[in-house]
Amino acid sequence: ILLQLGAFSARDNAESLRARLQRELTWLNDVMRVSAGGGLFRLQLGPYASAEDARRIAERIRTELGLAPILVSR
């Protein structure tokens, strides 16, 4: 289970969001990566062992930044 934080047509935009989140979410220790595919650059967080773990982190991000991560299964 991953959390998708954004999908962008330009890598620079995904990298910019990653840098911002790393600055603002100092408590977040999870791996954040940009993956390319289908013409998009997706900023994703995780993996998480369960959907519940991912939802807990997603809710904290939503509360602090107003950003609504999407759960993605691989």
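**View 1. Val34 pairs with Leu43 across two strands of a predicted model.** Val34 has Leu43 as its bridge partner, and Leu43 sits in β3. The model shown here is predicted. Ser35 also has a bridge partner in β3, namely Arg42. Six bridges link β2 to β3. These two strands run antiparallel. Strand β2 covers residues 32–37.

**View 2. The whole protein chain has two helices and four strands.** The order from the N terminus is β-α-β-β-α-β. The C-alpha trace spans about 30 × 25 × 20 Å along its principal axes. The radius of gyration is 12 Å. That agrees with a compact globule, because 74 residues packed in that way would give a value near 11 Å. Of the 74 residues, 32% are buried. Consider the contacts with a separation of 6 or more: 62% of them are between residues 24 or more positions apart.

**View 3. The surface of the protein chain is shown with its charges.** The accessible surface comes to about 4400 Å². Carbon and sulfur atoms hold 48% of that surface. The protein chain carries 11 positive and 8 negative charges.

**View 4. Strand β1 lies alongside β3.** Strand β1 takes in residues 2–8, and β3 takes in residues 40–45. Five bridges join β1 and β3, and the pair is antiparallel. Gly6 stands opposite Leu43 of β3. Leu43 is also the bridge partner of Val34.

**View 5. A hairpin joins β2 and β3.** Two residues lie between the strands of this hairpin. Gly38 takes a positive phi there, near 65°. Most residues other than glycine have a negative phi.

**View 6. Leu3 is a buried residue of strand β1.** Its relative accessibility is 0%. Leu3 counts as buried because the cut-off is under 20%. Which residues does Leu3 contact, leaving aside its neighbours within four places in sequence? They are Leu43, Gln44, Leu45, Tyr48, Ala54, Ile57, Ala58, Pro69, Ile70 and Leu71. Gly66 is 63 residues from Leu3 in sequence. In space, the C-alpha atoms of Leu3 and Gly66 are 15 Å apart.

**View 7. A cis peptide bond joins Gly46 and Pro47.** Its omega is about 20°. Most peptide bonds are trans. Where is Pro47 found? Pro47 belongs to the loop between β3 and α2. Helix α2 covers 51–65.

**View 8. Ser50 lies in the loop between β3 and α2.** Is Ser50 buried, exposed or partly exposed? Ser50 is partly exposed, because its relative accessible area is 26%. Leu2 is 48 residues away from Ser50 in sequence. In space, the two residues are 9.3 Å apart, C-alpha to C-alpha.

Technical notes
Residues numbered from 1 in each chain as written. Predicted model: local features only at pLDDT ≥ 70, side-chain atom pairs only at ≥ 80, totals over all residues. Heavy atoms only, no water. Rg over C-alpha atoms; globule rule 2.2 N^0.38 Å. Buried < 20%, exposed > 50% of the residue type's maximum accessible area, 1.4 Å probe, protein only. Contact = heavy atoms within 4.5 Å. Areas by Shrake-Rupley, 256 points an atom, 1.4 Å probe, with all protein chains shown as cover. Lys, Arg positive; Asp, Glu negative; His and termini not counted. Charge placed at Lys NZ, Arg CZ, Asp CG, Glu CD. Pairing = 2+ DSSP bridges.
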